[in-house]
Amino acid sequence: ANHPDRAQAVWLRWTLLYPRPGEPEADVWVMVFDPDGGGNRALKQPHPVVVADYRTDPWSARIGNTAIDDVRAHGELAGAHWDLAIAPGREAAVKLLTDRAYRAKFPTAKTQVRHPLARFDGAVALGDTRLALDGWTGSVNHNWGRKHTPAYAFGQVCGFDGQPSSSLEIVTARAALGPVRLPAATLFVLRHAGREIAVRSVPAARHTRGEYQPFRWMFGGRVDGVEVRGEITARTGDVIGLTYTDTDGGTKYCYNSALADCRVTLSGNGIDAELTATRRAMFEILTDERNRDVHLLA
């Protein structure tokens, strides 16, 4: 969730991991972005899986004294506490894959945005950083699968500047078949002015492109006669570094900014528009490589 006007954001996660080898673990993550105020902070609190409960009907996740569902997120940990009311919007869930891909074994990691334009109200405190949420916009996402994608860039915009009902989900990912990493594929779902422009399959991704590095991402593609060109960038000071345990028991590094800038232009087939999001886009990179310019906060 992002502040409507200032460079502030919160990111909460409930994760369940069964690595091979390694012990299963349920983790609660709290990240607050406030680089111009109290500073960026992050906390990861491991729990035994016996205190975790994940349900699909009604959808919810609970770990210890923390929980999330479609209308509330709350919890208390050593050094952090939060209580947020979530008001889902009327928008349909965003599926970044085809229905067939969700049912198939490949890709091994799935993602879906349950509520792409939700409203958040309440408070989050982590250490000395305290944020009051009053009409912040964000999303409720659900990710699952048998393995992590080996390397990817993920982006999200929940409302562009002056276009609060427009949204973007995008990923440039390198999946793997066994030890072999496949060429990168770029998938995206862009909603604007009552239209959905989407590429959800690897075969369709032959008409898209995406190249990223810390912390700039150039992407584009042609879909149903519409040319899409975009860029997402983040300042180093707006990035939080995290350590992930991989599904094979190894270590990966996640670099995430909820305060990135995004610019997208659309042209062709009756549409001509430029969309911008100023310090309110999410930009995440998962990699094997440690970035020495970003501190690991959790």
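What percentage of the contacts in the protein chain between residues at least 6 apart in sequence join residues at least 24 apart? The share is 56%. This value, like the others in these legends, is computed from a predicted model.

**Figure 1. Overview of the predicted protein chain.** The protein chain contains 1 helix and 23 strands. Its C-alpha trace spans about 55 × 45 × 45 Å along the principal axes. A compact globule of 298 residues would have a radius of gyration near 19 Å, and the 18 Å of the protein chain agrees with this. Of the 298 residues, 51% are buried. The protein chain exposes about 14500 Å², of which carbon and sulfur atoms supply 48%.

**Figure 2. The nonpolar surface patch that includes Leu-16.** Leu-16 belongs to strand S1, which covers residues 9–17. With a relative accessibility of 37%, Leu-16 counts as partly exposed.

**Figure 3. The salt bridge between Asp-27 and Lys-44.** Side chains of opposite charge can pair when their charged atoms come close. The whole structure holds 18 salt bridges. In the one between Asp-27 and Lys-44, the closest N and O atoms are 3.8 Å apart. Asp-27 is in strand S2 (residues 25–33) and Lys-44 in strand S3 (residues 41–47), so this pair ties together parts that are 17 residues apart in sequence. Asp-27 is buried, because its relative accessible area is 4%, a value under 20%. Lys-44, with a relative accessible area of 23%, is partly exposed.

**Figure 4. The salt bridge between Arg-279 and Asp-36.** The closest N and O atoms of Arg-279 and Asp-36 are 3.1 Å apart. This pair links distant parts of the chain, 243 residues apart: Arg-279 is in strand S23 (residues 271–287), whereas Asp-36 is in the loop between S2 and S3. Arg-279 counts as buried at 17% relative accessibility, while Asp-36 counts as exposed at 59%. Arg-279 and Asp-36 also belong to a network of salt bridges that links them with Arg-235, Asp-238 and Asp-261.

**Figure 5. The salt bridge between Arg-72 and Asp-83.** Here the closest N and O atoms are 3.1 Å apart. Because Arg-72 lies in strand S7 (residues 72–77) and Asp-83 in strand S8 (residues 80–87), the pair ties together parts that are 11 residues apart in sequence. Arg-72 is partly exposed, with a relative accessible area of 36%. Asp-83 is partly exposed as well, with a relative accessible area of 38%.

**Figure 6. Strand S7 and its partners S6 and S8.** Strand S6 (residues 66–69) pairs with S7 in the antiparallel sense over 2 bridges. Within this pairing, Ala-67 stands opposite His-74 of S7. S6 and S7 form a hairpin, with 2 residues between them. S7 and S8 also run antiparallel and are joined by 6 bridges. Gly-75 has Trp-82 in S8 as its bridge partner. The hairpin of S7 and S8 likewise has 2 residues between the strands, and Gly-79 in this hairpin takes a positive phi near 95°.

Methods
Residues numbered from 1 in each chain as written. Predicted model: local features only at pLDDT ≥ 70, side-chain atom pairs only at ≥ 80, totals over all residues. Heavy atoms only, no water. Patch = residues over 30% accessible without salt bridge, like charges linked within 9 Å, V, L, I, M, F, W, Y side chains within 5 Å. Areas by Shrake-Rupley, 256 points an atom, 1.4 Å probe, with all protein chains shown as cover. Salt bridge = Lys/Arg side-chain N within 4 Å of Asp/Glu carboxyl O. Helix = DSSP H or I, 4+ residues; strand = E, 2+ residues; numbered from the N terminus. Buried < 20%, exposed > 50% of the residue type's maximum accessible area, 1.4 Å probe, protein only. Rg over C-alpha atoms; globule rule 2.2 N^0.38 Å. Contact = heavy atoms within 4.5 Å. Pairing = 2+ DSSP bridges.
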